[in-house]
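Keep the structure open beside you as you read.

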Amino acid sequence: MNRPTYRVTELLGDGIGGELSRAIHRLAEALPVRVEFIPVDLRVENRRARGKVLYDEAVELINTTKVALKHPTATTEESPNAVLRRKLDLSVIHRPVYTIPGVPTNFRRELDLDIVRIATGGTYDDPGRMIGDDGAVSLRIVERRPVREAARYAFNLARKTNKIVTTASKYTIQKATDGLFEKVAHEVADQFPEVPHTIELFDALLGKVIMSPQKFQIVLVLNEYGDFLSDMACGLAGSLGIGASANLGFDAGAVVRVALFDAAHGTAPDIAGKNLANPTAIFLAFAMLLYQIGEISLGQAVKNATLDLLREGVRTPDLGGSESTESFTEAVANEVVQRVATKTRPPAAKSDAPSDPGL
(Lines give C-alpha, C1' and ligand atoms only; values in the text may rest on other atoms or scores of the structure.)
Protein backbone atom coordinates (compact mmCIF):
# COMPACT_ATOMS: atom_id res chain seq x y z
CA MET A 1 0.00 0.00 0.00
CA ASN A 2 1.31 3.42 -0.94
CA ARG A 3 1.83 5.74 1.98
CA PRO A 4 0.17 9.17 1.84
CA THR A 5 2.67 11.94 1.12
CA TYR A 6 2.63 15.38 2.73
CA ARG A 7 4.87 18.27 1.70
CA VAL A 8 6.13 20.43 4.57
CA THR A 9 8.28 23.55 4.35
CA GLU A 10 11.14 23.17 6.85
CA LEU A 11 12.73 26.44 7.95
CA LEU A 12 16.27 25.64 9.07
CA GLY A 13 17.68 27.54 12.01
CA ASP A 14 20.75 28.46 14.01
CA GLY A 15 22.49 26.86 16.98
CA ILE A 16 20.82 23.56 17.83
CA GLY A 17 18.58 23.88 14.77
CA GLY A 18 20.56 21.30 12.80
CA GLU A 19 20.26 18.68 15.54
CA LEU A 20 16.54 19.33 15.88
CA SER A 21 16.11 18.97 12.14
CA ARG A 22 17.81 15.57 12.19
CA ALA A 23 15.62 14.53 15.13
CA ILE A 24 12.46 15.51 13.27
CA HIS A 25 13.51 13.62 10.15
CA ARG A 26 14.18 10.50 12.23
CA LEU A 27 10.80 10.79 13.94
CA ALA A 28 9.03 11.32 10.61
CA GLU A 29 10.60 8.09 9.33
CA ALA A 30 8.75 6.22 12.06
CA LEU A 31 5.34 7.29 10.73
CA PRO A 32 3.22 5.27 8.29
CA VAL A 33 3.01 8.35 6.06
CA ARG A 34 5.66 10.07 3.97
CA VAL A 35 6.64 13.59 5.00
CA GLU A 36 8.56 15.40 2.28
CA PHE A 37 10.50 18.19 3.97
CA ILE A 38 11.40 21.05 1.63
CA PRO A 39 14.18 23.06 3.30
CA VAL A 40 14.67 26.80 3.39
CA ASP A 41 17.92 27.92 5.02
CA LEU A 42 17.12 30.72 7.48
CA ARG A 43 20.44 30.64 9.26
CA VAL A 44 22.00 34.02 10.01
CA GLU A 45 24.68 33.78 7.32
CA ASN A 46 22.18 33.01 4.59
CA ARG A 47 19.78 35.72 5.74
CA ARG A 48 22.57 38.28 5.60
CA ALA A 49 23.70 37.09 2.19
CA ARG A 50 20.29 36.89 0.53
CA GLY A 51 18.07 39.29 2.48
CA LYS A 52 14.57 39.95 1.23
CA VAL A 53 14.81 37.44 -1.63
CA LEU A 54 15.23 34.60 0.86
CA TYR A 55 12.11 35.57 2.78
CA ASP A 56 10.14 35.94 -0.45
CA GLU A 57 11.15 32.41 -1.45
CA ALA A 58 10.17 31.08 1.99
CA VAL A 59 6.76 32.76 1.82
CA GLU A 60 6.08 31.47 -1.70
CA LEU A 61 6.94 27.93 -0.64
CA ILE A 62 4.86 28.06 2.54
CA ASN A 63 1.89 29.35 0.57
CA THR A 64 2.30 26.30 -1.66
CA THR A 65 2.72 23.61 1.01
CA LYS A 66 0.28 25.31 3.42
CA VAL A 67 2.22 24.06 6.45
CA ALA A 68 5.71 24.80 7.75
CA LEU A 69 7.89 23.64 10.62
CA LYS A 70 10.35 26.25 11.86
CA HIS A 71 13.50 25.62 13.89
CA PRO A 72 14.85 28.30 16.25
CA THR A 73 16.59 31.23 14.58
CA ALA A 74 18.82 33.91 16.05
CA THR A 75 17.40 37.43 16.08
CA THR A 76 20.09 39.73 14.70
CA GLU A 77 19.24 42.52 12.25
CA GLU A 78 15.64 41.30 12.22
CA SER A 79 13.38 38.72 13.84
CA PRO A 80 12.58 35.98 11.30
CA ASN A 81 9.44 35.17 13.27
CA ALA A 82 8.18 38.74 13.00
CA VAL A 83 9.06 38.96 9.30
CA LEU A 84 7.27 35.72 8.47
CA ARG A 85 4.19 36.62 10.50
CA ARG A 86 3.92 39.90 8.63
CA LYS A 87 4.56 38.52 5.15
CA LEU A 88 2.26 35.51 5.62
CA ASP A 89 -0.42 37.52 7.42
CA LEU A 90 -0.34 35.15 10.39
CA SER A 91 -2.89 36.81 12.62
CA VAL A 92 -3.28 34.23 15.41
CA ILE A 93 -0.88 32.37 17.69
CA HIS A 94 -2.08 29.27 19.54
CA ARG A 95 0.12 28.28 22.48
CA PRO A 96 -0.95 25.26 24.54
CA VAL A 97 0.69 25.41 27.97
CA TYR A 98 0.35 22.48 30.33
CA THR A 99 2.20 20.54 32.98
CA ILE A 100 4.87 18.38 31.34
CA PRO A 101 6.22 15.37 33.22
CA GLY A 102 9.89 15.66 34.06
CA VAL A 103 9.99 19.44 33.97
CA PRO A 104 10.72 20.70 37.52
CA THR A 105 8.47 23.56 38.59
CA ASN A 106 7.74 25.63 41.69
CA PHE A 107 4.04 25.55 40.80
CA ARG A 108 2.30 22.61 42.48
CA ARG A 109 -1.00 22.72 40.62
CA GLU A 110 -1.87 21.09 37.30
CA LEU A 111 -1.87 23.58 34.43
CA ASP A 112 -3.81 23.02 31.21
CA LEU A 113 -4.28 26.23 29.25
CA ASP A 114 -4.77 27.06 25.59
CA ILE A 115 -3.71 30.66 24.95
CA VAL A 116 -5.11 32.13 21.73
CA ARG A 117 -3.26 35.36 21.03
CA ILE A 118 -3.91 37.93 18.34
CA ALA A 119 -0.52 38.11 16.66
CA THR A 120 -0.80 41.61 15.24
CA GLY A 121 -1.53 45.08 16.55
CA GLY A 122 -1.41 46.31 20.10
CA THR A 123 1.60 48.51 20.71
CA TYR A 124 3.92 46.01 19.01
CA ASP A 125 3.18 47.35 15.54
CA ASP A 126 4.36 50.85 16.43
CA PRO A 127 7.85 51.41 17.87
CA GLY A 128 6.75 54.86 19.01
CA ARG A 129 8.43 58.22 18.86
CA MET A 130 9.90 60.80 21.19
CA ILE A 131 8.03 64.01 22.08
CA GLY A 132 10.79 66.44 22.84
CA ASP A 133 13.40 65.18 25.27
CA ASP A 134 11.19 64.08 28.13
CA GLY A 135 8.27 62.18 26.63
CA ALA A 136 7.48 59.32 24.30
CA VAL A 137 4.32 57.99 22.70
CA SER A 138 3.30 54.90 20.73
CA LEU A 139 0.07 54.09 18.96
CA ARG A 140 -1.98 51.09 20.13
CA ILE A 141 -3.81 49.43 17.25
CA VAL A 142 -6.69 46.94 17.45
CA GLU A 143 -8.35 45.84 14.22
CA ARG A 144 -11.64 44.02 13.77
CA ARG A 145 -10.47 41.35 11.28
CA PRO A 146 -7.67 39.69 13.32
CA VAL A 147 -9.83 39.84 16.45
CA ARG A 148 -12.65 38.10 14.59
CA GLU A 149 -10.29 35.46 13.22
CA ALA A 150 -8.81 34.75 16.63
CA ALA A 151 -12.24 34.63 18.27
CA ARG A 152 -13.60 32.22 15.66
CA TYR A 153 -10.57 30.02 16.13
CA ALA A 154 -10.91 30.06 19.94
CA PHE A 155 -14.63 29.26 19.91
CA ASN A 156 -14.19 26.55 17.28
CA LEU A 157 -11.48 25.02 19.45
CA ALA A 158 -13.81 25.19 22.46
CA ARG A 159 -16.62 23.54 20.51
CA LYS A 160 -14.37 20.66 19.46
CA THR A 161 -12.90 20.10 22.91
CA ASN A 162 -15.86 21.01 25.16
CA LYS A 163 -13.91 23.77 26.83
CA ILE A 164 -14.68 27.25 28.16
CA VAL A 165 -13.51 30.43 26.46
CA THR A 166 -12.37 33.36 28.60
CA THR A 167 -11.73 36.73 27.00
CA ALA A 168 -9.41 38.99 28.98
CA SER A 169 -8.55 42.65 28.47
CA LYS A 170 -8.65 46.04 30.20
CA TYR A 171 -11.90 47.11 28.58
CA THR A 172 -12.89 49.25 31.56
CA ILE A 173 -9.82 51.47 31.04
CA GLN A 174 -8.84 51.02 27.39
CA LYS A 175 -12.42 51.60 26.28
CA ALA A 176 -11.72 52.14 22.56
CA THR A 177 -9.15 49.43 21.83
CA ASP A 178 -10.02 46.74 24.38
CA GLY A 179 -13.64 47.72 24.07
CA LEU A 180 -13.53 46.87 20.35
CA PHE A 181 -11.84 43.56 21.16
CA GLU A 182 -14.59 42.57 23.60
CA LYS A 183 -17.32 43.77 21.23
CA VAL A 184 -16.05 41.62 18.36
CA ALA A 185 -15.47 38.66 20.69
CA HIS A 186 -19.09 38.95 21.88
CA GLU A 187 -20.33 39.01 18.29
CA VAL A 188 -18.48 35.76 17.60
CA ALA A 189 -19.57 34.24 20.92
CA ASP A 190 -23.20 34.75 19.88
CA GLN A 191 -22.53 32.35 16.98
CA PHE A 192 -21.47 29.64 19.45
CA PRO A 193 -24.29 29.61 22.04
CA GLU A 194 -23.28 26.15 23.26
CA VAL A 195 -19.78 27.35 24.29
CA PRO A 196 -19.49 28.85 27.80
CA HIS A 197 -17.90 32.30 27.68
CA THR A 198 -16.53 34.29 30.60
CA ILE A 199 -14.86 37.71 30.77
CA GLU A 200 -11.98 38.77 33.01
CA LEU A 201 -9.96 41.93 33.45
CA PHE A 202 -6.49 40.95 32.36
CA ASP A 203 -4.64 41.93 35.53
CA ALA A 204 -7.11 39.94 37.63
CA LEU A 205 -6.78 36.99 35.26
CA LEU A 206 -3.04 36.71 35.95
CA GLY A 207 -3.68 36.28 39.65
CA LYS A 208 -6.62 33.93 39.16
CA VAL A 209 -4.67 31.61 36.86
CA ILE A 210 -2.15 31.17 39.67
CA MET A 211 -4.78 30.73 42.39
CA SER A 212 -7.33 28.62 40.48
CA PRO A 213 -5.82 27.36 37.21
CA GLN A 214 -8.55 24.76 36.76
CA LYS A 215 -11.10 27.50 36.06
CA PHE A 216 -9.39 28.56 32.83
CA GLN A 217 -9.17 26.46 29.68
CA ILE A 218 -9.03 28.63 26.55
CA VAL A 219 -8.02 32.27 27.00
CA LEU A 220 -8.43 34.74 24.12
CA VAL A 221 -6.29 37.88 24.40
CA LEU A 222 -4.81 40.79 22.48
CA ASN A 223 -1.18 40.80 21.33
CA GLU A 224 0.73 42.16 24.34
CA TYR A 225 -1.52 40.39 26.83
CA GLY A 226 -0.93 37.08 25.06
CA ASP A 227 2.82 37.65 25.20
CA PHE A 228 2.70 38.33 28.95
CA LEU A 229 0.31 35.48 29.71
CA SER A 230 2.26 32.93 27.66
CA ASP A 231 5.51 33.68 29.49
CA MET A 232 3.81 33.56 32.89
CA ALA A 233 2.07 30.27 32.09
CA CYS A 234 5.27 28.71 30.73
CA GLY A 235 7.05 29.84 33.90
CA LEU A 236 4.38 28.13 35.99
CA ALA A 237 4.80 24.98 33.91
CA GLY A 238 8.53 25.11 34.63
CA SER A 239 10.18 26.31 31.44
CA LEU A 240 9.87 29.18 28.99
CA GLY A 241 11.15 26.98 26.21
CA ILE A 242 9.59 23.53 26.43
CA GLY A 243 6.35 24.25 24.56
CA ALA A 244 5.26 24.66 20.97
CA SER A 245 3.18 27.17 19.05
CA ALA A 246 1.00 27.35 15.97
CA ASN A 247 1.06 30.58 13.94
CA LEU A 248 -2.05 30.76 11.77
CA GLY A 249 -3.31 32.68 8.76
CA PHE A 250 -6.93 32.47 7.60
CA ASP A 251 -8.88 32.84 4.39
CA ALA A 252 -12.08 34.85 4.00
CA GLY A 253 -14.15 31.89 5.17
CA ALA A 254 -12.28 31.67 8.50
CA VAL A 255 -10.51 28.47 7.42
CA VAL A 256 -6.80 28.09 8.17
CA ARG A 257 -4.96 29.10 4.99
CA VAL A 258 -1.36 28.57 6.17
CA ALA A 259 0.07 27.31 9.45
CA LEU A 260 3.62 27.64 10.79
CA PHE A 261 4.63 25.52 13.78
CA ASP A 262 7.65 26.14 15.97
CA ALA A 263 9.29 25.46 19.30
CA ALA A 264 9.16 28.25 21.84
CA HIS A 265 12.82 28.05 22.83
CA GLY A 266 15.86 29.71 21.36
CA THR A 267 18.98 28.55 19.52
CA ALA A 268 20.98 27.46 22.62
CA PRO A 269 24.41 28.10 21.02
CA ASP A 270 26.19 26.92 24.18
CA ILE A 271 25.15 23.31 23.56
CA ALA A 272 25.00 23.36 19.77
CA GLY A 273 26.73 20.37 18.20
CA LYS A 274 27.06 18.50 21.50
CA ASN A 275 24.11 16.11 21.07
CA LEU A 276 22.52 17.58 24.23
CA ALA A 277 19.55 19.47 22.75
CA ASN A 278 16.12 18.53 24.03
CA PRO A 279 13.80 17.87 21.05
CA THR A 280 10.62 17.77 23.15
CA ALA A 281 9.30 21.14 21.98
CA ILE A 282 9.91 20.52 18.28
CA PHE A 283 8.26 17.09 18.62
CA LEU A 284 5.19 18.75 20.17
CA ALA A 285 5.20 21.30 17.34
CA PHE A 286 5.36 18.45 14.84
CA ALA A 287 2.41 16.79 16.59
CA MET A 288 0.41 19.98 16.11
CA LEU A 289 1.39 20.00 12.43
CA LEU A 290 0.11 16.43 12.07
CA TYR A 291 -3.22 17.53 13.55
CA GLN A 292 -3.38 20.32 10.98
CA ILE A 293 -2.89 18.03 7.99
CA GLY A 294 -5.59 15.71 9.26
CA GLU A 295 -3.41 12.95 10.77
CA ILE A 296 -5.03 13.24 14.19
CA SER A 297 -4.11 9.79 15.48
CA LEU A 298 -0.49 10.21 14.43
CA GLY A 299 -0.35 13.60 16.13
CA GLN A 300 -1.66 12.01 19.30
CA ALA A 301 0.87 9.18 19.04
CA VAL A 302 3.80 11.60 18.70
CA LYS A 303 2.62 13.84 21.51
CA ASN A 304 1.71 11.06 23.95
CA ALA A 305 4.84 9.02 23.25
CA THR A 306 7.00 12.06 23.96
CA LEU A 307 5.22 12.97 27.18
CA ASP A 308 4.90 9.41 28.48
CA LEU A 309 8.61 8.76 28.02
CA LEU A 310 9.39 11.94 29.94
CA ARG A 311 7.09 10.70 32.69
CA GLU A 312 8.96 7.41 32.79
CA GLY A 313 12.29 9.20 33.24
CA VAL A 314 13.57 9.02 29.66
CA ARG A 315 14.92 12.57 29.52
CA THR A 316 17.76 14.72 28.25
CA PRO A 317 20.23 16.30 30.72
CA ASP A 318 18.34 19.61 30.96
CA LEU A 319 15.50 17.67 32.62
CA GLY A 320 17.76 15.66 34.89
CA GLY A 321 18.13 12.69 32.56
CA SER A 322 21.01 11.03 30.77
CA GLU A 323 19.67 10.72 27.21
CA SER A 324 21.34 12.45 24.31
CA THR A 325 19.39 14.17 21.57
CA GLU A 326 19.82 11.09 19.39
CA SER A 327 18.94 8.49 22.03
CA PHE A 328 15.85 10.39 23.15
CA THR A 329 14.78 10.70 19.53
CA GLU A 330 15.26 6.98 18.99
CA ALA A 331 13.20 6.22 22.08
CA VAL A 332 10.33 8.42 20.92
CA ALA A 333 10.47 7.06 17.35
CA ASN A 334 10.41 3.45 18.56
CA GLU A 335 7.54 4.18 20.92
CA VAL A 336 5.56 5.81 18.11
CA VAL A 337 6.15 2.76 15.90
CA GLN A 338 4.79 0.46 18.61
CA ARG A 339 1.72 2.60 19.23
CA VAL A 340 0.90 2.91 15.55
CA ALA A 341 1.45 -0.83 14.98
CA THR A 342 -0.83 -1.92 17.81
CA LYS A 343 -3.31 0.92 17.26
CA THR A 344 -3.82 1.04 21.00
CA ARG A 345 -3.00 3.75 23.42
CA PRO A 346 -2.30 3.62 27.16
CA PRO A 347 -4.69 5.47 29.47
CA ALA A 348 -4.30 9.20 28.97
CA ALA A 349 -2.47 10.99 31.71
CA LYS A 350 -3.38 14.47 32.80
CA SER A 351 -0.67 15.95 30.63
CA ASP A 352 -2.59 14.64 27.62
CA ALA A 353 -5.58 16.81 28.48
CA PRO A 354 -4.89 19.50 25.85
CA SER A 355 -5.91 17.23 23.01
CA ASP A 356 -6.72 18.20 19.44
CA PRO A 357 -5.44 21.77 19.13
CA GLY A 358 -8.32 22.46 16.79
CA LEU A 359 -6.24 23.32 13.78
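How many Å should the residues of helix α10 span, and what distance separates its end C-alpha atoms? Bear in mind that this is a predicted model. Helix α10 covers residues 296-311, which makes 16 residues, and at 1.5 Å a residue it should span 22 Å. Its end C-alpha atoms are 22 Å apart, so expectation and model agree.

Now look at what surrounds this helix. Because 12 of the 16 residues of α10 are buried, the helix is largely enclosed by the rest of the structure; here, buried means under 20% relative accessible area. Among the buried residues are L298, V302, L307, L309 and L310, but also K303, N304 and D308. After α10 comes G313, with a positive phi near 100°.

Let's zoom out to the whole protein. Its secondary structure consists of 11 helices and 12 strands. The radius of gyration is 20 Å, close to the 21 Å that the globule rule gives for 359 residues, so the protein is as compact as a globular protein of that length. Along the principal axes, the C-alpha trace spans about 55 × 50 × 40 Å.

Burial can be followed here too: 52% of the 359 residues count as buried. Of the contacts with a separation of 6 or more, 77% involve residues 24 or more positions apart.

The accessible surface is about 15600 Å², and carbon and sulfur atoms contribute 52% of it. The protein has 42 positive and 45 negative charges, whose mean positions lie 3 Å apart.

Technical notes:
Residues are numbered from 1 along each chain as its sequence is written. This is a predicted model: local features need pLDDT of at least 70, side-chain atom pairs count only at pLDDT 80 or more; totals for chains, interfaces and linings use all residues. Side-chain values use heavy atoms; hydrogens and water are left out. Helices (H or I, at least four residues) and strands (E, at least two) are DSSP runs, numbered from the N terminus. The radius of gyration is taken over C-alpha atoms; the globule rule is 2.2 Å times the number of residues to the power 0.38. Buried means under 20% relative accessible area, exposed over 50%, partly exposed in between (1.4 Å probe, protein chains only). Contact means heavy atoms within 4.5 Å. Accessible areas come from the Shrake-Rupley method with a 1.4 Å probe; for residues, only the protein chains shown count as cover. Lys and Arg count as positive and Asp and Glu as negative; His and the chain ends are not counted. The place of a charge is taken as NZ of Lys, CZ of Arg, CG of Asp or CD of Glu. The expected span of a helix is 1.5 Å times one less than its number of residues.
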